[in-house]
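Take a look at the sequence and the fold, then follow along.

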Amino acid sequence: MNERVRTSESENAASTVSGRDPYADGAPDWERVELRRMLLLGLAFMALFFSFGLFLGGSLSGMGGMVVVSLVLAVAGIIMLGMRPVLLKRHRREVVRWKKDNHVQCEYCGGTNHKDDHRCHFCGAPLR
Ligand SMILES: [Zn+2]
C-alpha cells in the first residue's frame, strides 16, 4: 500500500498540485462513486415524491396533464434508481482493470506486486 502511494506521488506530482484527481494514485475513487449513488438516490426519491403528489393532484382535479407529468417523473425516478447498481458494477470493473494494469503476479509464489517492482515482495524472485 505504502509502496503504491510513494511511486504515485512522484509519477503524478502535477495532478496532485492541480487538485484532487480521482486517478491521481491510480486507484478508482470509491468515494466519488458513492457520492453519485447518494445523489441519484436523493434525486430519485424527489422525483418519485413529486410524481406521487402530481398524480394525486392530477387525478383529484381531473387534470390529465399533471398525471402525464407525474408518470414521466416516476419513470425518471425509476431509471435513476436503476442507475445505482450500474454505477456500482462499472466501478467494480474499473477496480479490476486497475488491479490488472498496475499489478503483476509473481510467477513463483503468486504474490501480488506493483508493476514497477523488480523483485517480488514476498519471495524476492525477479519479476518479469
Ligand atoms: Zn514471489
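## Two helices side by side

Helix 3 and helix 4 are roughly antiparallel to each other, a label given to angles over 145 degrees, whereas angles under 35 count as roughly parallel, 65 to 115 as roughly perpendicular and the rest as oblique. Their axes come within 7 Å and cross at roughly 165°. Here the axes are lines fitted to C-alpha atoms, for helices over the stretch in contact, with angles running from 0 to 180 degrees between N-to-C directions. Helix 3 passes helix 4 in a left-handed crossing, meaning that the near helix is turned anticlockwise from the far one by less than a right angle (clockwise would be right-handed).

What kinds of residues make up the contact of helix 3 with helix 4? They divide into 22 nonpolar, eight polar and three charged. Nonpolar covers Ala, Val, Leu, Ile, Met, Phe, Trp, Tyr, Cys and Pro, charged covers Asp, Glu, Lys and Arg, and the others, Gly among them, are polar.

## How to read the model

This is a predicted model, in which local features need pLDDT of at least 70 and side-chain atom pairs count only at pLDDT 80 or more, while totals for chains, interfaces and linings use all residues. Residues are numbered from 1 along each chain as its sequence is written.

## The whole chain

The chain has four helices and two strands, and from the N terminus on the elements run α-α-α-α-β-β. Helices (H or I, at least four residues) and strands (E, at least two) are DSSP runs, numbered from the N terminus.

Of the 128 residues in the chain, 7% are buried. A residue is buried if 20 or more other C-beta atoms lie within 10 Å of its own, exposed if 12 or fewer, and partly exposed in between, with C-beta atoms placed from the backbone. Among contacts with a separation of 6 or more, 33% join residues 24 or more positions apart; a contact here needs C-beta atoms, placed from the backbone, within 7 Å.

## Helix 3

Helix 3 covers residues 30–61, and its 32 residues should span 46 Å at 1.5 Å a residue, which agrees with the 46 Å between its end C-alpha atoms. The expected span is 1.5 Å times one less than the number of residues. After helix 3 comes G62, with a positive phi near 75°.

Which residues of helix 3 are buried? They are A47, S51 and L54, and they pack against helix 4 (64–102). An α-helix has 3.6 residues a turn, so residues three or four places apart point the same way.

W30 also belongs to helix 3. W30 counts as partly exposed because it has 14 C-beta neighbours inside 10 Å. The C-alpha atoms of W30 and V95 are separated by 9.2 Å, although the two are 65 residues apart along the chain.

## Helix 4

Helix 4 has 39 residues and reaches 57 Å from its first C-alpha to its last, close to the 57 Å expected at 1.5 Å a residue. S70, L73 and G77 are buried in helix 4, and the buried residues of this helix pack against helix 3.

L81 is found in helix 4 and is partly exposed, because 16 other C-beta atoms lie within 10 Å. L81 and F45 are 36 residues apart in sequence and 8.6 Å apart in space, C-alpha to C-alpha.

H91 lies in helix 4 too. With 18 C-beta neighbours inside 10 Å, H91 counts as partly exposed. Leaving aside residues up to four places away in sequence, H91 touches P28, W30 and V33. The C-alpha atoms of H91 and V33 are separated by 7.2 Å, and the pair is 58 residues apart along the chain.

Buried or exposed: how does R128 count? R128, in the segment after strand 2 (112–114), is exposed, because it has 8 C-beta neighbours inside 10 Å. R128 and Q105 are 23 residues apart along the chain, and their C-alpha atoms are separated by 9.4 Å.

Methods
Contact = placed C-beta atoms within 7 Å.
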